[in-house]
Amino acid sequence: MKFETPATTNPIDQLKHIGKPTPRIDGPQKTTGTAPYAYERHDRAPDAAYGYVVGATIAKGRITGIDASRARAAPGVLAVVTAQNAGKLGKGEKNTARLLAGPEVEHYHQAVAVVVAETFEQARAAAGLLRVDYAPAKGAFDLAAAKGSAESPKDPPDSHVGDFDKAFATAPVKLDATYTTPDQSHAMMEPHASTAAWEDGAVTIWTANQMIDWGRSDMAATLGIPKAKVRLVSPFIGGGFGGKLFLRADALLAALGAKAAGRPVKVALTRPMMFNNTTHRPATIQRIRIGATRDGKITAIGHETWSGDLPGGGAETAAEQTKLLYAGANRLTATKLAVLDLPEGNAMRAPGEAPGLMALEIAIDEMAEKLGLDPIEFRIRNDTQVDPAKPERPFSQRQLVECLRQGADRFGWKDRNATPGRRREGRWLVGMGVAAAFRNNLTMKSGARMRLQPDGLVVVETDMTDIGTGSYTIIAQTAAETLGVPLKQVVVRLGDSSFPVSAGSGGQWGGNSSTAGVYAACMKLREVAAGKLGLDPQKAEFVDGRVRVGNDSRPLIEAARDGELVAEDFIEFGDLAKKYQQSTFGGHFVEVGVDAWTAEVRVRRMLAVCAAGRILNPTSARSQVIGAMTMGTGAALMEELVVDKRRGFFANHDLAGYEVPVHADIPHQEVVFLDEVDPVSSPMKAKGVGELGICGVGAAVANAVYNATGVRVRDYPITLDKLLDGMPAVA
Amino acid sequence: MRTFTYERAKSPAEAAAAVARNPGARFIAGGTNLLDLMKLEIETPAHLVDVNRLELDRIEATKDGGLRIGALVRNTDLAADKRVRKDYGVLSRALLAGASGQLRNKATTAGNLLQRTRCPYFYDTAQPCNKRTPGSGCSAIGGFSRPLAVIGSSDQCIATHPSDMAVAMRVLDAVVETVRPNGETRAIPIADFHRLPEKTPAVETVLAPGELITAVTLPAPVGGKQVYRKVRDRASYAFALVSVAAVVQPDGGGRAAFGGVAHRPWRVEAAEAAMPRGAKAVTDQVFAGARPTEQNAFKLVLAERTLGSVLAEARG
């Protein structure tokens with residue numbers, strides 16, 4: 001099915017299942033421990049041996065020697081795989097650094113070996129006996145120091161509209177400020193984990209991966225075997241946040257270990273290994289310049305961002321939202337990339353917008369204060385319903401103003417004291433902050449296969465993944481809606497590369513795109529079923545388990561009387577994204593208390609008002625948004641990979657050192673979805689929502705801290721040491 | 001984790017003798033710290049002597065009106081003990097400020113005192129660390145030092161002691177009771193129990209090889225308002241940047257010990273006379289001679305402000 005013109009009325013609009021708060025259908029499996037995760041595939045690989053990954057202990061240089069003799073001789077050891085004996089390995093298209101080092105080492109904890117043994121303990125103990133000698137080389141580990149050498153990457157290109165320099169220079173009110181965000185780690189609950197088994201030259205990998213087809217392609221490319229010889233299976237994933245978008249060392253080393261050991265092998269990265277071995281969100285330095293008239297109209301807006309990555313890597317695209325979020329005739333965005341020899345930077349929790357808005361939405365708050373305007377009013381005055389660079393190109397839907405207004409009412413924004421540091425409750429200084437949420441809506445080709453079984457069950461097969469987001473449930477809702485069957489009659493099978501290729505989970509494109517693909521396949525099944533029943537598929541209605549044309553009504557199950565019906569299709573998106581700017585919007589409101597003595601910041605309550613197209617399942621959408629708000633709080637207040645700039649690695653590489661919010665940090669969250677349908681986005685009229693939830697949260701927290709204390713921190717995370725010096729005197 | 005042998009001790013003296021007999025042996029009780037360190041090969045004991053079945057799990061009144069806390073009393077039970085809550089509130093509060101419910105259910109009184117540092121370089125066996133590998137150097141000096149010591153450190157080590165409980169025990173003048181491999185017992189004031197790193201940061205206490213903690217005694221209650229204030233980057237389940245254990249008397253006098261700042265709970269009794277004059281008067285003396293790093297100099301300001309907060313709270 002091609003989606004080339006805005007959707008008209010279709011079976012999804014019945015809203016019998018879609019849009020209803022629906023508990024996740026995989027919940028019972030998860031709560032009873034019967035949902036199989038990658039490291040627990042005893043059902044498929046009962047005799048799996050254990051692989052333990054050994055990471056490089058230098059950040060850059062060469063391996064000069066590996067002595068595996070003691071490790072090989074240790075009890076239970078079946079194989080030790082290193083670059084010396086792994087055979088020729090390629091590199092996946094999506095990987096920047098190789099997944100197995102040797103002789104070159106590209107970053108700290110880059111895998112240098114996997115030790116395979118009968119038990120986990122034996123593998124771990126033998127790994128300690130492996131001796132690796134290195135010749136370290138000098139590397140670049142400090143973004144601020146490397147900033148001057150940064151260059152423009154291929155993507156994204158810089159943008160210029162009007163004459164930014166002149167407009168900024170002549171603006172009556174202006175801001176020129178620099179903000180920094182640190183390196184961050186996904187810190188998902190389930191570590192990277194894979195179980196691999198070979199049979200007749202083909203390998204099956206039960207893994208934890210958000211993008212099955214990317215992983216399959218890159219596994220084939222790395223092993224140098226045809227894609228047809230690789231199967232990835234990933235039905236349940238314990239969180240990804242971008243950290244599992246790609247083929248990683250666990251999967252490759254499980255495959256190599258299994259080949260060497262001649263039996264299935266499973267590999268999970270240990271927690272201390274995850275921070276430097278896998279990808280992370282790169283640190284940024286962002287300069288923002290805004291010029292405005294005295295009545296608060298932006299005349300110039302410029303956003304430049306610097307980040308670093310390994311040679312051949314990509315930039316954190318933190319300036320992109322600034323092309324679209326506010327009006328203004330003169331505009332500039334620029335992205336610069338430096339070479340750093342830290343571990344590989346890549347996508348994490350709304351890459352681009354999440355760190356970009358952490359900077360931009362403080363700048364807007366600062367600008368509003370300079371103008372003497374309420375920060376909500378300043379945003380409203382600079383709203384735009386069109387792409388500022390191409391006014392002929394409207395937003396498909398844009399309810400930012402409504403999000404901010406409703407949020408202000410619900411949150412009690414009018415009680416905020418615009419003068420910072422004035423509200424005190426006991427030992428707490430209390431402040432409120434607001435920020436706009438913005439995340440582009442991306443659509444991706446997505447396929448699915450439908451089976452109508454003789455027993456009446458409808459089976460959906462797609463390689464779409466559910467990383468805890470609720471994909472199983474919204475896909476079941478989509479099939480039930482389109483085929484007119486009860487939800488419990490739908491069986492959803494996900495995350496297997498033998499199923500049709502889907503959009504996968506990333507960039508908040510998964511929910512809308514994958515359900516649209518399932519919708520397309522369901523429409524195909526309707527054709528097949530109606531044809532089988534001798535009914536006109538164009539006129540047939542599928543309701544209550546029956547197919548009806550006028551007075552002629554038959555049970556749907558009759559269509560499968562002679563055997564299972566199978567239909568497969570995909571959704572493919574035309575150029576609507578060129579004609580319309582598709583984005584999602586929201587308003588984040590945060591109240592914090594800051595201890596007047598110690599400057600500890602504690603969030604008291606949070607509200608997000610979101611406008612993100614049709615909400616397919618308010619229950620799972622809310623769950624995603626509150627999770628994202630929690631991550632945004634972490635980014636604002638505590639998450640930071642601390643770079644040891646001498647040795648070139650993230651020093652706080654465990655969950656004691658890399659702090660994420662705990663329950664006590666998140667006392668109260670509320671989420672509101674505005675009514676919205678977006679016929680431009682897909683037949684589902686839905687958009688992405690998960691990542692919208694994090695975009696802007698950090699700045700809303702920062703702005704609340706400023707309102708509470710009068711101390712403006714432009715360097716995340718906002719830890720108490722950055723506040724202490726400026727704190728008001730304790731009375 | 002390396003392979004090790006294991007035995008279960010039948011008496012405290014036997015346990016001490018068993019550890020003394022086996023070079024590289026360690027006692028194991030709750031195991032909440034030791035097992036993690038063994039998995040990471042930071043600790044590689046060849047032999048473990050399990051003391052969990054020794055009957056050291058009671059809290060008893062002492063003749064002079066104090067409490068004798070068995071070495072194996074779990075943190076949860078100690079925090080919840082009615083006598084502790086009534087007369088030694090700072091200890092109960094300190095315990096509840098530490099770790100998580102699950103960990104406190106396992107962690108013991110003696111084990112808590114013997115926790116090892118949470119310095120990130122101590123935890124990464126690829127990095128030099130004088131505490132883990134004597135003579136290899138200190139990676140934290142010049143590296144990531146924000147959470148580390150500001151006073152009492154040396155050129156060899158700037159690690160902190162991570163315990164909350166020990167800070168409260170320090171302010172309460174607890175005494176550590178031990179038995180040695182030869183069966184002799186001794187009582188060590190907590191002020192003398194933990195060592196500063198100096199030239200031998202791997203040696204963290206004055207315990208002799210094989211010496212087993214059997215109990216910690218608290219003197220008779222000292223009354224006063226008892227506060228434990230732990231300052232950290234998140235609301236729970238984090239180690240202290242700075243903590244203050246304080247006993248404040250109605251006349252404004254009192255005692256204060258500091259956590260998160262040194263290789264041991266940090267208390268300077270001579271400074272406490274200044275308490276009626278406010279926090280700064282105390283911390284100026286307590287932290288005289290401090291040697292913070294650029295990253296953790298804020299702890300000196302924070303310690304003063306935290307004590308100020310505690311005094312304000314205590315004086316209502």
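Q: How many salt bridges does the rule find across the interface of chain B and chain A?
A: This is a predicted model, in which local features need pLDDT of at least 70 and side-chain atom pairs count only at pLDDT 80 or more, while totals for chains, interfaces and linings use all residues. Residues are numbered from 1 along each chain as its sequence is written, chains are lettered from A and ligands numbered from 1 in the order in which they are written, and side-chain values use heavy atoms, leaving out hydrogens and water. A salt bridge here is a side-chain nitrogen of Lys or Arg within 4 Å of a carboxyl oxygen of Asp or Glu, and across the interface of chain B and chain A their number is 4.

Q: Which residue of chain B forms a salt bridge with A:Asp721?
A: In the salt bridge that joins A:Asp721 to chain B, the closest N and O atoms are 2.9 Å apart. The residue of chain B that takes part is B:Arg146.

Q: Which element gives the most residues to the side of chain B that touches chain A?
A: Helices (H or I, at least four residues) and strands (E, at least two) are DSSP runs numbered from the N terminus, and chain B has 12 helices and 11 strands. Across its interface with chain A there are 18 residue pairs in polar contact, both at pLDDT 80 or more, a polar contact being a pair of N or O atoms within 3.5 Å, where within protein one must be able to donate a hydrogen and the other to accept it, and residues adjacent in sequence count only if both atoms are side-chain atoms. On the side of chain B that touches chain A, two or more residues each come from α8 (120-123), β9 (225-231) and α12 (298-315) of chain B. The element that gives the most, with 8 residues, is α12(B).

Q: Which three residues supply 23% of the area that chain B buries against chain A?
A: The contact (heavy atoms within 4.5 Å) takes 37 residues from chain B and 37 residues from chain A. Buried area, the accessible area (1.4 Å probe) that two parts lose on being put together, summed over both, is about 3000 Å² for these chains, with 54% of it on carbon and sulfur atoms. The share of 23%, more than any other three residues supply, belongs to B:Asp233, B:Arg234 and B:Arg305.

Q: Where in chain A is the proline whose peptide bond from A:Asp155 is cis?
A: Most peptide bonds are trans. The bond from A:Asp155 to A:Pro156, however, is cis, with omega near -5°. A:Pro156 is found in the loop between α4 (143-146) and β8 (159-161) of chain A.

Q: What is the phi of A:His109?
A: A:His109 is found in the loop between β5 (104-105) and β6 (111-117) of chain A. Although A:His109 is not a glycine, its phi is positive, at about 60°.
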